[in-house]
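Please look over the model below before reading the notes. They take the sheet and then a pair of helices.

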Amino acid sequence: MAVVFDTDRVPDITLFSSGTPNGIKIPITLEELGLTYKTVKIDMAKNTQKEPWFLEINPNGRIPALTDTFSDGEQIRLFESGSIMQYLVEQYDTKHLISYPKGSRLSYEVNNWLFFMNAGVGPMQGQANHFHRYAPEKIQYGVDRYQNETRRLYSVLEKQLAKSTSGYLVGGKCTIADIAHWGWVHAAFWAGIDIDEFPHLKAWEARMLARPAVNKGRNIPDRDRMPELAANKELAESSAREASKWVMKGQEADAKK
């Protein structure tokens, strides 16, 4: 895919990520922008994100993270998916392929939904994932609390998409607001959420998946297993058991610090 930004600056981007709903936001964004980049897979099962070299890039020890050569010629680090996405469109999306002009009404509306994702859908659905799939003991209150809150947030997205004339969250095109949400909605079943309850959101998820950049980016750096897991209950349960082992191990390590 050809580079489409019209600037003299050449990207020197390295992406540090793994195949999670947060992790795939950035390769999808990079693919939508047609940028060249290198990828370093972070193996969370081995706690690579807590190694000293990675903590120099993201002190919080989470993925995704990114480095680039900034306009001053020095390396810049970016962490937190929303921060990375804003950086990429501000620095490279000069034709506003997945953004709107900075300071415009629509650019602020994109920010509304980007922060809605990062403060709402991601944290709540992430906790739904934990209590539904990873917790060593079933705590029904936790399952119900976070699944219900995820459904409530999905209903907000459903209403927004129901009144959209373009089929996207903001204005007449796909933006980073859509990209930020897609991986989570794509994995709704993993949190125990039935996407069929939200027909406009379900149609939007399929519309996004049909985009070549989304289809490519969702498989970087790992193959997207969500469709396979959704179709095979036994495989999903065994995968959850394996993931639970390193999730619990990571929590124990963090508790000792």
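1. Two strands pair if DSSP finds at least two bridges between them. Helices (H or I, at least four residues) and strands (E, at least two) are DSSP runs, numbered from the N terminus. This is a predicted model, in which local features need pLDDT of at least 70, side-chain atom pairs count only at pLDDT 80 or more, and totals for chains, interfaces and linings use all residues. Residues are numbered from 1 along each chain as its sequence is written, and side-chain values use heavy atoms, leaving out hydrogens and water.

2. The order S2-S1-S3-S4 describes an open sheet of 4 strands with mixed pairing. Strand S2 (37–41) and strand S4 (75–79) are at the edges with a single partner strand each, so one side of each has no neighbour in the sheet.

3. Strand S3 (residues 65–69) pairs with S4 in the antiparallel sense, over 5 bridges. In this part of the model, Thr69 is opposite Gln75 of S4.

4. Helix H1 (residues 25–33) packs on the sheet and touches strand S1 (13–17), S2 and S3; contact means heavy atoms within 4.5 Å. Helix H3 (residues 81–92) also packs on the sheet, touching S1, S3 and S4.

5. Helix H4 (residues 105–134) packs against helix H5 (residues 140–162) at an angle of about 150 degrees, with axes 8 Å apart. Axes are lines fitted to C-alpha atoms, for helices over the stretch in contact, and angles run from 0 to 180 degrees between N-to-C directions. H4 and H5 are therefore roughly antiparallel (angles over 145 degrees).

Key
Parallel < 35°, antiparallel > 145°, perpendicular 65-115°, else oblique.
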